Amino acid sequence: MAAEQPNVTVHLRHVRENVRQIGRRTCVGVIAVVKADAYGLGAKRVAAAIAEEVDGFYVFNLAEAVEAELASLGKPVIALRGDAAEANEFIAARVRPVVWTAERAASLRSARPILAVDTGQQRFACRAEHIAAAIAAGKIDDAFTHATRIDQIADFAALTDAYALRRHAAGTALLDEPSARFDAVRPGLALYDGAVTVTAPLLDARDSRGPAGYSGFEVPRFGLISAGYSHGLRPGPAMVNGRPTRILEVGMQTSFVELAASDRTGDPVTLLGDGVSLTDIAPAWGCSPQQVLVNLCRLGNRVYVD
Ligand SMILES: *Cc1c(COP(=O)(O)O)cnc(C)c1O
(Lines give C-alpha, C1' and ligand atoms only; values in the text may rest on other atoms or scores of the structure.)
Protein backbone atom coordinates (compact mmCIF):
# COMPACT_ATOMS: atom_id res chain seq x y z
CA MET A 1 0.00 0.00 0.00
CA ALA A 2 3.09 2.21 0.08
CA ALA A 3 2.09 3.75 -3.24
CA GLU A 4 -0.93 5.36 -1.57
CA GLN A 5 1.17 7.23 0.96
CA PRO A 6 2.35 10.80 0.34
CA ASN A 7 5.84 11.27 -1.11
CA VAL A 8 8.19 13.76 0.52
CA THR A 9 11.02 14.75 -1.82
CA VAL A 10 13.93 16.77 -0.41
CA HIS A 11 15.93 18.67 -3.01
CA LEU A 12 19.36 18.93 -1.42
CA ARG A 13 20.73 21.09 -4.22
CA HIS A 14 17.99 23.62 -3.49
CA VAL A 15 19.01 23.76 0.19
CA ARG A 16 22.61 24.33 -0.90
CA GLU A 17 21.54 27.07 -3.30
CA ASN A 18 19.52 28.71 -0.49
CA VAL A 19 22.65 28.77 1.68
CA ARG A 20 24.66 30.39 -1.11
CA GLN A 21 21.98 32.98 -1.75
CA ILE A 22 21.78 33.87 1.92
CA GLY A 23 25.55 34.27 1.97
CA ARG A 24 25.47 36.57 -1.06
CA ARG A 25 22.52 38.53 0.32
CA THR A 26 23.99 39.08 3.78
CA CYS A 27 27.76 39.06 3.06
CA VAL A 28 28.41 37.16 6.32
CA GLY A 29 28.77 33.48 7.22
CA VAL A 30 25.78 31.19 7.65
CA ILE A 31 25.26 29.15 10.81
CA ALA A 32 22.74 26.57 9.62
CA VAL A 33 19.94 25.78 12.07
CA VAL A 34 19.34 22.04 11.68
CA LYS A 35 17.35 21.48 14.89
CA ALA A 36 14.25 19.26 14.87
CA ASP A 37 15.81 17.02 12.22
CA ALA A 38 16.39 20.03 9.98
CA TYR A 39 12.73 21.07 10.28
CA GLY A 40 11.72 17.61 9.07
CA LEU A 41 14.04 17.38 6.04
CA GLY A 42 16.54 15.12 7.83
CA ALA A 43 19.46 16.73 9.67
CA LYS A 44 22.10 14.18 8.72
CA ARG A 45 21.51 14.39 4.98
CA VAL A 46 20.94 18.14 4.94
CA ALA A 47 24.00 18.94 7.06
CA ALA A 48 26.26 16.77 4.91
CA ALA A 49 24.91 18.46 1.77
CA ILE A 50 25.68 22.00 2.99
CA ALA A 51 28.71 21.47 5.23
CA GLU A 52 31.11 23.06 2.76
CA GLU A 53 28.96 26.17 2.43
CA VAL A 54 28.32 27.00 6.09
CA ASP A 55 30.23 28.43 9.06
CA GLY A 56 28.65 25.98 11.48
CA PHE A 57 25.51 24.29 12.71
CA TYR A 58 22.99 25.01 15.46
CA VAL A 59 20.74 22.42 17.14
CA PHE A 60 18.44 22.43 20.15
CA ASN A 61 20.19 19.72 22.10
CA LEU A 62 23.38 17.75 22.21
CA ALA A 63 21.64 14.47 21.35
CA GLU A 64 20.51 15.91 18.02
CA ALA A 65 24.09 16.84 17.14
CA VAL A 66 25.31 13.34 18.00
CA GLU A 67 22.47 11.64 16.14
CA ALA A 68 23.10 13.63 12.96
CA GLU A 69 26.89 13.13 13.28
CA LEU A 70 27.42 16.85 12.89
CA ALA A 71 30.89 16.86 14.43
CA SER A 72 32.18 14.62 11.64
CA LEU A 73 31.53 17.41 9.13
CA GLY A 74 34.38 19.52 10.48
CA LYS A 75 32.38 22.67 11.23
CA PRO A 76 31.64 24.20 14.64
CA VAL A 77 28.43 22.93 16.23
CA ILE A 78 26.34 24.81 18.79
CA ALA A 79 23.75 23.06 20.99
CA LEU A 80 21.37 25.10 23.12
CA ARG A 81 20.88 22.39 25.71
CA GLY A 82 22.38 19.12 26.82
CA ASP A 83 19.95 18.14 29.57
CA ALA A 84 22.32 17.40 32.44
CA ALA A 85 25.34 17.03 30.17
CA GLU A 86 28.66 18.15 31.61
CA ALA A 87 31.52 19.92 29.93
CA ASN A 88 33.37 16.70 29.09
CA GLU A 89 30.33 15.35 27.22
CA PHE A 90 30.15 18.46 25.04
CA ILE A 91 33.90 18.30 24.46
CA ALA A 92 33.75 14.61 23.52
CA ALA A 93 30.96 15.35 21.03
CA ARG A 94 32.84 18.43 19.73
CA VAL A 95 29.81 20.61 20.44
CA ARG A 96 29.81 24.05 22.07
CA PRO A 97 27.05 24.51 24.65
CA VAL A 98 24.93 27.63 25.05
CA VAL A 99 24.90 29.24 28.50
CA TRP A 100 22.76 31.94 30.11
CA THR A 101 23.91 32.15 33.72
CA ALA A 102 27.33 32.73 35.24
CA GLU A 103 26.98 29.44 37.08
CA ARG A 104 26.30 27.47 33.91
CA ALA A 105 29.06 29.38 32.11
CA ALA A 106 31.55 28.45 34.82
CA SER A 107 30.62 24.77 34.86
CA LEU A 108 30.82 24.47 31.07
CA ARG A 109 33.82 26.77 30.65
CA SER A 110 36.16 24.10 29.28
CA ALA A 111 33.65 23.32 26.49
CA ARG A 112 34.01 26.90 25.13
CA PRO A 113 30.44 27.97 25.85
CA ILE A 114 28.46 30.52 23.84
CA LEU A 115 26.34 33.14 25.58
CA ALA A 116 22.66 33.57 24.71
CA VAL A 117 21.53 37.12 25.51
CA ASP A 118 17.91 37.75 26.47
CA THR A 119 16.32 40.45 24.33
CA GLY A 120 12.73 39.59 25.17
CA GLN A 121 12.07 35.87 24.78
CA GLN A 122 12.75 35.25 28.47
CA ARG A 123 13.89 31.68 27.96
CA PHE A 124 17.34 30.08 27.69
CA ALA A 125 19.00 33.49 27.65
CA CYS A 126 21.00 35.73 29.96
CA ARG A 127 19.43 38.82 31.49
CA ALA A 128 21.25 42.10 30.98
CA GLU A 129 22.46 42.37 34.57
CA HIS A 130 24.21 38.99 34.47
CA ILE A 131 26.03 39.32 31.14
CA ALA A 132 29.33 40.63 32.49
CA ALA A 133 29.54 37.89 35.12
CA ALA A 134 28.63 35.16 32.64
CA ILE A 135 31.23 36.33 30.11
CA ALA A 136 33.92 36.35 32.78
CA ALA A 137 32.87 33.01 34.28
CA GLY A 138 32.80 31.18 30.93
CA LYS A 139 35.65 33.03 29.16
CA ILE A 140 32.99 33.71 26.55
CA ASP A 141 34.06 34.76 23.04
CA ASP A 142 30.81 34.15 21.13
CA ALA A 143 27.31 35.48 21.84
CA PHE A 144 23.92 35.55 20.17
CA THR A 145 20.34 36.49 20.69
CA HIS A 146 17.18 34.90 19.30
CA ALA A 147 15.22 37.89 18.05
CA THR A 148 12.53 38.67 15.52
CA ARG A 149 12.31 42.46 15.92
CA ILE A 150 14.71 45.23 15.12
CA ASP A 151 14.47 46.86 18.56
CA GLN A 152 15.70 43.58 20.05
CA ILE A 153 18.73 43.77 17.77
CA ALA A 154 19.51 47.26 19.02
CA ASP A 155 19.29 45.98 22.60
CA PHE A 156 21.60 43.07 21.78
CA ALA A 157 24.16 45.40 20.21
CA ALA A 158 24.07 47.78 23.17
CA LEU A 159 24.40 44.94 25.69
CA THR A 160 27.37 43.33 23.95
CA ASP A 161 29.28 46.18 22.24
CA ALA A 162 31.74 46.47 25.14
CA TYR A 163 33.06 42.91 24.80
CA ALA A 164 35.28 41.14 22.27
CA LEU A 165 32.77 38.66 20.90
CA ARG A 166 31.79 37.00 17.69
CA ARG A 167 28.09 37.88 17.47
CA HIS A 168 25.10 36.54 15.55
CA ALA A 169 21.41 37.31 15.74
CA ALA A 170 19.40 37.15 12.51
CA GLY A 171 17.24 34.13 11.82
CA THR A 172 15.01 34.03 8.76
CA ALA A 173 12.86 36.97 9.88
CA LEU A 174 15.75 39.46 10.03
CA LEU A 175 17.99 38.32 7.16
CA ASP A 176 17.31 41.50 5.21
CA GLU A 177 18.07 43.73 8.18
CA PRO A 178 21.73 44.81 7.94
CA SER A 179 21.93 45.78 11.62
CA ALA A 180 20.98 42.21 12.59
CA ARG A 181 23.88 40.57 10.75
CA PHE A 182 26.92 41.14 12.97
CA ASP A 183 29.44 38.34 12.19
CA ALA A 184 27.06 35.62 10.94
CA VAL A 185 23.39 34.89 10.35
CA ARG A 186 21.58 31.91 11.84
CA PRO A 187 18.63 30.94 9.65
CA GLY A 188 16.49 27.82 9.75
CA LEU A 189 13.42 28.22 7.56
CA ALA A 190 15.23 30.20 4.84
CA LEU A 191 17.51 27.21 4.25
CA TYR A 192 14.60 24.92 3.51
CA ASP A 193 12.11 27.18 1.74
CA GLY A 194 11.29 25.74 -1.68
CA ALA A 195 13.42 22.63 -1.13
CA VAL A 196 10.65 20.15 -0.34
CA THR A 197 7.93 18.72 -2.55
CA VAL A 198 5.08 16.75 -0.97
CA THR A 199 2.59 14.93 -3.17
CA ALA A 200 -0.17 12.44 -2.44
CA PRO A 201 -1.91 10.28 -5.07
CA LEU A 202 -5.69 10.44 -5.33
CA LEU A 203 -7.08 7.26 -3.78
CA ASP A 204 -10.40 7.98 -5.36
CA ALA A 205 -11.93 10.66 -7.59
CA ARG A 206 -15.68 11.02 -7.94
CA ASP A 207 -18.53 13.29 -8.92
CA SER A 208 -20.44 14.38 -5.85
CA ARG A 209 -24.00 13.25 -5.06
CA GLY A 210 -24.60 16.17 -2.68
CA PRO A 211 -23.22 17.31 0.67
CA ALA A 212 -20.17 15.18 1.56
CA GLY A 213 -17.79 14.48 4.43
CA TYR A 214 -18.36 15.37 8.07
CA SER A 215 -18.95 19.01 7.26
CA GLY A 216 -21.34 18.45 4.35
CA PHE A 217 -19.21 20.43 1.92
CA GLU A 218 -20.64 20.80 -1.57
CA VAL A 219 -18.48 20.70 -4.69
CA PRO A 220 -19.19 19.04 -8.07
CA ARG A 221 -16.25 16.64 -7.84
CA PHE A 222 -13.76 15.60 -5.16
CA GLY A 223 -11.13 13.03 -4.30
CA LEU A 224 -9.38 11.54 -1.29
CA ILE A 225 -5.76 11.44 -0.27
CA SER A 226 -4.09 9.28 2.36
CA ALA A 227 -3.13 11.95 4.89
CA GLY A 228 -5.19 13.38 7.72
CA TYR A 229 -5.00 15.39 10.90
CA SER A 230 -3.39 12.50 12.74
CA HIS A 231 -0.45 13.07 10.40
CA GLY A 232 -0.52 16.86 10.84
CA LEU A 233 -2.41 17.92 7.70
CA ARG A 234 -4.93 20.78 7.77
CA PRO A 235 -7.33 22.32 5.22
CA GLY A 236 -5.64 24.71 2.82
CA PRO A 237 -4.30 25.26 -0.69
CA ALA A 238 -2.96 22.49 -2.92
CA MET A 239 -2.40 21.82 -6.64
CA VAL A 240 -3.68 19.07 -8.91
CA ASN A 241 -2.73 18.59 -12.55
CA GLY A 242 -1.18 22.07 -12.67
CA ARG A 243 -4.27 23.79 -11.23
CA PRO A 244 -4.75 25.37 -7.80
CA THR A 245 -7.23 23.46 -5.65
CA ARG A 246 -8.08 23.08 -1.96
CA ILE A 247 -7.93 20.49 0.77
CA LEU A 248 -11.60 20.85 1.70
CA GLU A 249 -11.89 18.71 4.79
CA VAL A 250 -9.30 16.84 6.80
CA GLY A 251 -10.25 13.62 8.55
CA MET A 252 -8.24 11.47 10.93
CA GLN A 253 -6.26 9.65 8.22
CA THR A 254 -7.64 10.84 4.89
CA SER A 255 -8.63 14.20 3.43
CA PHE A 256 -11.01 15.47 0.76
CA VAL A 257 -9.62 17.45 -2.18
CA GLU A 258 -11.68 19.49 -4.63
CA LEU A 259 -11.29 18.22 -8.20
CA ALA A 260 -12.17 19.14 -11.78
CA ALA A 261 -13.84 16.83 -14.28
CA SER A 262 -10.54 15.70 -15.81
CA ASP A 263 -8.85 14.68 -12.51
CA ARG A 264 -8.56 10.92 -12.05
CA THR A 265 -7.76 8.34 -9.38
CA GLY A 266 -3.97 8.06 -9.11
CA ASP A 267 -3.26 11.65 -10.14
CA PRO A 268 -0.85 13.31 -7.71
CA VAL A 269 -2.08 16.13 -5.47
CA THR A 270 0.72 18.54 -4.60
CA LEU A 271 0.59 19.59 -0.96
CA LEU A 272 3.86 21.55 -1.05
CA GLY A 273 6.10 22.73 -3.90
CA ASP A 274 5.39 23.31 -7.61
CA GLY A 275 3.17 26.32 -7.00
CA VAL A 276 2.18 25.78 -3.37
CA SER A 277 4.53 27.53 -0.96
CA LEU A 278 4.83 27.53 2.81
CA THR A 279 3.73 31.15 2.84
CA ASP A 280 0.56 30.23 0.88
CA ILE A 281 -0.29 27.50 3.36
CA ALA A 282 0.61 29.13 6.69
CA PRO A 283 -2.26 31.68 6.75
CA ALA A 284 -4.77 28.93 5.89
CA TRP A 285 -3.44 26.80 8.74
CA GLY A 286 -3.15 29.74 11.09
CA CYS A 287 0.42 28.94 12.07
CA SER A 288 4.02 29.67 11.13
CA PRO A 289 5.64 28.43 7.88
CA GLN A 290 8.09 26.50 10.09
CA GLN A 291 5.21 24.54 11.60
CA VAL A 292 3.71 23.84 8.16
CA LEU A 293 7.06 22.49 6.94
CA VAL A 294 7.63 20.24 9.95
CA ASN A 295 4.11 18.82 9.65
CA LEU A 296 4.20 18.24 5.89
CA CYS A 297 7.61 16.54 6.02
CA ARG A 298 6.11 13.96 8.39
CA LEU A 299 3.41 12.87 5.94
CA GLY A 300 5.47 10.30 4.07
CA ASN A 301 8.85 8.70 3.58
CA ARG A 302 11.55 11.14 2.55
CA VAL A 303 13.34 10.70 -0.74
CA TYR A 304 16.47 12.74 -1.47
CA VAL A 305 17.54 14.16 -4.78
CA ASP A 306 20.68 16.17 -5.40
C1 LIG B 1 15.12 28.06 15.47
C2 LIG B 1 16.16 29.07 15.71
C3 LIG B 1 16.66 29.86 14.66
C4 LIG B 1 16.12 29.81 13.25
O5 LIG B 1 14.82 30.35 13.14
P6 LIG B 1 14.13 30.58 11.70
O7 LIG B 1 13.09 31.57 11.98
O8 LIG B 1 13.57 29.26 11.28
O9 LIG B 1 15.19 31.05 10.79
C10 LIG B 1 17.70 30.72 14.94
N11 LIG B 1 18.21 30.83 16.18
C12 LIG B 1 17.75 30.10 17.21
C13 LIG B 1 18.36 30.28 18.56
C14 LIG B 1 16.71 29.20 17.02
O15 LIG B 1 16.25 28.49 18.05
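Among contacts in the chain between residues at least 6 apart in sequence, 60% join residues at least 24 apart. The model is a predicted one. Its chain holds 11 helices and 17 strands, and the C-alpha trace spans about 75 × 35 × 35 Å along the principal axes. Of the 306 residues in the chain, 53% are buried. The chain exposes about 14,000 Å², and carbon and sulfur atoms supply 50% of that area.

**Packing of α1 and α3**

Two packed helices are described by the angle between their axes and the distance between the axes. For helix α1 (residues 12-26) and helix α3 (residues 43-50), the angle is about 55° and the axes are 9 Å apart. Angles under 35 degrees count as roughly parallel and those from 65 to 115 as roughly perpendicular; α1 and α3 are therefore oblique to each other. The crossing in which α1 passes α3 is right-handed. On the α1 side, the contact is made by L12, V15, R16 and V19. On the α3 side, R45, V46, A49 and I50 take part. By class, the residues of this contact divide into six nonpolar, no polar and two charged. An α-helix has 3.6 residues a turn, so residues three or four places apart point the same way.

A134 is placed in helix α7 (residues 131-138). Its relative accessibility is 0%, so A134 counts as buried; the cut-off for this class is under 20%. A134 and T101 are 33 residues apart in sequence, yet their C-alpha atoms are 5.7 Å apart in space. With neighbours within four places in sequence left aside, A134 is in contact with T101, A102, A105, L115, C126 and I140.

T160 belongs to helix α8 (residues 150-160). T160 also counts as buried, because its relative accessibility is 0%. Apart from neighbours within four places in sequence, the contacts of T160 are V117, L165 and R167.

In helix α11 (residues 289-297), the buried residues are P289, V292, L293, N295, L296 and C297. The elements that cover them include the strands β1 (7-11), β10 (196-201) and β16 (268-272). Helices α2 (35-39), α9 (189-192) and α10 (278-285) are also among the covering elements.

Most residues other than glycine have a negative phi, and most peptide bonds are trans. Which phi value does A38 have, although it is not a glycine? The phi of A38 is positive, at about 55°. E69, likewise a residue other than glycine, has a positive phi near 55°. The table sets out both residues.

| Residue | Phi | Place | Relative accessibility | Class |

How values were computed:
Residues numbered from 1 in each chain as written. Predicted model: local features only at pLDDT ≥ 70, side-chain atom pairs only at ≥ 80, totals over all residues. Heavy atoms only, no water. Axes fitted to C-alpha atoms, helices over the stretch in contact; angles between N-to-C directions. Helix = DSSP H or I, 4+ residues; strand = E, 2+ residues; numbered from the N terminus. Parallel < 35°, antiparallel > 145°, perpendicular 65-115°, else oblique. Left-handed = near helix turned anticlockwise from the far one by under 90°. Contact = heavy atoms within 4.5 Å. Nonpolar A, V, L, I, M, F, W, Y, C, P; charged D, E, K, R; others polar. Buried < 20%, exposed > 50% of the residue type's maximum accessible area, 1.4 Å probe, protein only. Areas by Shrake-Rupley, 256 points an atom, 1.4 Å probe, with all protein chains shown as cover.
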